[in-house]
Amino acid sequence: MAAAELGTLAPQVPEALTRPGPVGHARALIPLLESAAPAIEQARELPPAVLEALRANDFFRLLTSPAIGGQALPLPVYAEVVEALAIGDASTAWCVNQGNVSALTSATFLAPEVARRCFGDRASALAWGAQHNRATAVPVPGGYRVTGRWDFASGSRHASLMGAHVPVTEPDGTPRPGRPQFVTVLFPRGQARIIGDWAAMGLRGTGSDSYEVVDLFVPDSHACFRDRPEARRDRGTITAFSSHLCYATGFAATALGTARSLLDRSIALARGKSARAAAQPMAENHGVQSQIAQLEARLRAGRAYLLGTVREAWAEAEAMGELSLDTRMAVRLATTSVMGDATEVSVACYRAGGTTAILEAEPFERRFRDALCISQHLQATPWHLEMVGRHLLGVPQVPQFL
């Protein structure tokens with residue numbers, strides 16, 4: 001059943017109009033994150049003061065079940081939390097989203113007592129790298145022997161746990177026939193060799209290092225096969241969403257928050273600057289006035305589109321316990337489109353800043369690099385739009401990343 005078939009949705013009162021909650025707490029952290037952002041980028045990791053604030057607000061357990069100590073936030077509220085953190089610092093928001101979705105989509109398929117040991121402490125954090133076929137998980141009595149190296153482990157420098165998605169092989173280590181079957185394994189950070197090679201154009205504070213393990217034994221209790229709805233140990237509403245759609249929602253919110261930060265700075269700059277080639281101050285220039293209004297409208301439209309779509313999907317998940325293919329496609333379309341639109345707003349803000357925007361001492365350059373890095377993620381690829389288009393046109397296909 002598609003979300004549109006559920007009837008009229010009850011109006012949702014924004015948290016800001018009720019009592020303080022996670023979104024309000026995230027917004028309260030914006031000044032801290034803004035002031036810490038240059039140090040975050042230079043150190044390529046989140047500093048103790050930021051980690052302390054995130055842990056004090058329990059921001060690494062936003063999605064997991066209360067049964068294991070989590071907050072089980074509705075996905076639309078979670079998106080607002082991530083967006084607010086991104087206004088302060090994109091790397092912080094990125095780490096929070098990556099860690100929360102990774103923890104959720106592991107805990108959903110682990111035995112409750114194991115999930116509680118892994119994620120029951122608010123200081124717990126999980127990091128893992130991108131899935132690929134160049135690693136091995138050899139079945140042995142009681143578990144797997146895992147060997148491999150992975151890149152892009154965002155948050156690995158403050159993580160207590162590491163994980164990996166590994167193709168299960170034959171007992172002799174050779175690939176199994178057919179499409180690889182990936183097992184997700186979790187292990188203490190100290191059992192991995194962290195390579196410390198994170199050097200990127202933006203999102204530098206994520207510390208997305210490479211890491212490796214060699215012939216590491218991982219017990220069956222700490223291994224699972226994610227994104228198999230029939231295998232869920234936890235049946236909470238959030239578990240109706242795949243890991244891909246949860247990641248996509250959070251990263252779209254990160255793109256929105258980053259664009260909001262840049263647009264706010266563009267407005268502040270225009271209020272006080274006169275371009276050398278212009279005949280009047282920027283704030284009195286009709287072209288600047290029109291551009292600011294259009295960028296504001298585009299950003300607000302993207303935000304409303306993302307949150308509105310996720311709220312409809314959440315209502316369906318609550319009512320039905322699952323998401324229809326139509327609704328999953330709708331969330332995919334919203335998240336991918338919003339990431340693209342938010343990036344274009346960020347680029348326009350950078351260009352509008354003129355020479356001011358290129359200076360490291362000014363508030364544009366780092367945020368611009370962060371925005372472009374966000375746009376390069378798998379969740380933002382335009383290939384997703386082709387898949388949704390095929391679905392809408394009734395072209396046969398095997399859906400992916402839903």
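A: I292 sits in helix α8, where helices (H or I, at least four residues) and strands (E, at least two) are DSSP runs, numbered from the N terminus. With a relative accessibility of 19%, I292 counts as buried, a word that stands for under 20% relative accessible area, while exposed stands for over 50% and partly exposed for what lies in between (1.4 Å probe, protein chains only). This is a predicted model, in which local features need pLDDT of at least 70 and side-chain atom pairs count only at pLDDT 80 or more, whereas totals for chains, interfaces and linings use all residues. Residues are numbered from 1 along each chain as its sequence is written, and side-chain values use heavy atoms, with hydrogens and water left out.

If residues up to four places away in sequence are not counted, I292 touches L263, S266 and I267, contact being defined as heavy atoms within 4.5 Å. F241 is 51 residues from I292 along the chain, and the C-alpha atoms of these two are separated by 36 Å. Helix α8 runs over residues 286-320 and also holds H286, which counts as exposed because its relative accessibility is 62%. Between H286 and A135 there are 58 Å in space, C-alpha to C-alpha, and the two are 151 residues apart in sequence.

From there we can turn to helix α9, in which S346 lies. S346 has a relative accessible area of 1% and is therefore buried. Leaving aside neighbours within four places in sequence, S346 is in contact with T258, A259, L262, F368 and A371. F368 counts as buried too, at 16% relative accessibility.

The structure holds six aromatic pairs; rings of Phe, Tyr and Trp (its six-membered ring) pair if their centres lie within 6.5 Å, and planes under 30 degrees apart count as stacked, over 60 as edge-to-face and the rest as tilted. W150 and Y211 make a stacked pair, with 5.4 Å centre to centre and 25° between the planes. This pair links distant parts of the chain, since W150 is in strand β3 and Y211, 61 residues apart from it, is in strand β7 (residues 209-219). Both W150 and Y211 are buried. Y350 and F368 form another aromatic pair that is stacked, at 3.8 Å centre to centre and 10° between the planes. Here too distant parts of the chain are linked, with Y350 in helix α9 (residues 325-352) and F368 in helix α10, 18 residues apart. W94, Y247 and F251 form one aromatic cluster.

Strands β3 and β7 also belong to an open sheet of four strands, in the order β2-β3-β7-β6 and with antiparallel pairing, where two strands pair if DSSP finds at least two bridges between them. The strands β2 (136-140) and β6 (193-194) stand at the edges with a single partner strand each, so one side of each has no neighbour in the sheet. Five bridges join β2 to strand β3 (residues 143-153) in the antiparallel sense, and A137 has V146 as its bridge partner in β3. In the hairpin of β2 and β3, which has two residues between the strands, G142 takes a positive phi near 90°.

Helix α10 (residues 365-375) is also the place of R366, which counts as buried at 12% relative accessibility. Not counting residues up to four places away in sequence, R366 touches A37, P38, E41 and D89.

L32, L33, A36 and I40 of α2 make the contact with A49, V50 and A53 of α3.
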